[in-house]
Amino acid sequence: MRILAIESSCDETAAAVVEDGRRVLSSVINSQVAEHRKYGGVVPEIASRRHAENIVQVVQEALEQSGGTLAQMDKIAVTAAPGLIGALLVGVNYAKGLAMAAEKPLIPVHHIRGHIAANYLVHPNLKPPFLCLVVSGGHSHIVEVRDYTDFRIIGRTRDDAAGEAFDKCARAMGFPYPGGVYIDQAAAVGDDKKYKLPKPRVEGAPYDFSFSGLKTAVINLLHNAAQKGDTVDTNALAACFQRTICENLTEHLEQAAKALGYQTIVAAGGVCANSGLRCRLEQLCSRYGWALFMPTLALCGDNAAMIGAQAYYEQLQYPAAGWDLNAAASMAIDAAYC
Ligand code: KG4
Ligand code: ZN
């Protein structure tokens, strides 16, 4: 089955053709990041406008690169939630128009379910059940993936998402948006013991995360140094911040996996491109002999191929969406669409 998938939940306009949920026939991503960088973050209004301008071209390119036509697609999938509402609506409305005109069934996909499904594209043997660490710009969850469309949230962030904490600290350190990758690079050459940062924890909730205290500590350290005229070793601060956050993510994942008896661990989302996190997850899983699956770096961030992968399993489980399908800015991963 060939699915044309569309993703426009944030600042990437993306389209892909995916076969049977596992094989990428094409994947096109038009990133707006250079434009949003000028403002230090995504400007929702600009994101929606760029999606509207680019979506036709991006979908045409994805179809051409797959060697197929719209008529040859079996179904059309689109990210319907969660994300920036104006951005999502561009993709949902375009997918709806295409599906109606070409008389194809329409499959709504949850963006975070898509991030998890990115793993199916690179690990042919990976099947649920497994325990997944989802770490993106907007979400930080430990999720029990009981089946392809059956999810249970085990832990969640109480405040900032991991990617948000990376980006806000990176901004305070003077790096461009999105700063996660710059922290990663600086951390690689920094002393990760030089600065003492608070260990994030949520009282009585061993699987939940809280990164705002850590973020505030980094920002305060920089402000205090600036006021006193002291210089900060940015590489060391990046390394200390990255070590603290990655230790916290892996420790909570370890506790959840032990408590629930999972030996198959999966990572997903933009932050799992982080080299420190990948390294810690590898160490954790090799210590216990657990199987570890992570997306390739190219599939960690937003793309439409992951939406096409998850869409295949959604349509096995649920009927097609009605023409009244709407987008939603927030939706729990365990909520059903239909
Ligand atoms: O999954 P994603 O592309 O978008 C959302 O759905 O939110 O994640 C984007 C996030 C950004 O916060 C970005 O800074 C972060 O992923 N990120 C990284 C790295 N590469 C991307 N964070 C830390 N280290 C990296 N190498
Ligand atoms: Zn994402």
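Across the whole structure, a search turns up nine aromatic pairs. A pair here means Phe, Tyr or Trp rings (for Trp, the six-membered ring) with centres within 6.5 Å; planes under 30 degrees apart are stacked, over 60 edge-to-face, the rest tilted. Take Y120 and Y313. They pair edge-to-face, 5.5 Å centre to centre, with 65° between the planes. This pair links distant parts of the chain, 193 residues apart: Y120 is in helix 4, and Y313 is in helix 11, residues 305-317. Helices (H or I, at least four residues) and strands (E, at least two) are DSSP runs, numbered from the N terminus.

Some ground rules. This is a predicted model, where local features need pLDDT of at least 70 and side-chain atom pairs pLDDT 80 or more, while totals for chains, interfaces and linings use all residues. Residues count from 1 along each chain as its sequence is written, chains are lettered from A and ligands numbered from 1 in written order, and side-chain values use heavy atoms, with hydrogens and water left out.

Now the ligand. Which residues come nearest to ligand 1? Of the 19 around it, they are G137, D167, D184, G270 and N274. Around it means a heavy atom within 4 Å. By class, that shell has five nonpolar, 11 polar and three charged residues. Ala, Val, Leu, Ile, Met, Phe, Trp, Tyr, Cys and Pro count as nonpolar, Asp, Glu, Lys and Arg as charged, and the others, Gly among them, as polar.

Next, polar contacts, which to a ligand are pairs of N or O atoms within 3.5 Å. The side chain of D184 places an N or O atom 2.9 Å from a nitrogen of ligand 1. A backbone N or O atom of G270 is 2.9 Å from a ligand oxygen. At G180, a polar backbone atom lies 3.2 Å from an oxygen of ligand 1. How much of the ligand is buried? Alone, ligand 1 exposes 550 Å², and the protein buries 85% of that. Those areas are Shrake-Rupley values with a 1.4 Å probe.

Last, the backbone. Two peptide bonds are cis. A81 to P82 has omega near -20°, and P82 sits in the loop between strand 4 (75-81) and helix 3 (85-102). Y177 to P178 is cis too, with omega near -10°. P178 is in the loop between helix 5 and helix 6. Finally, D20 is not a glycine, yet its phi is positive, about 50°.

How values were computed. Polar contact = N/O pair within 3.5 Å; in protein donor to acceptor, adjacent residues only side chain to side chain.
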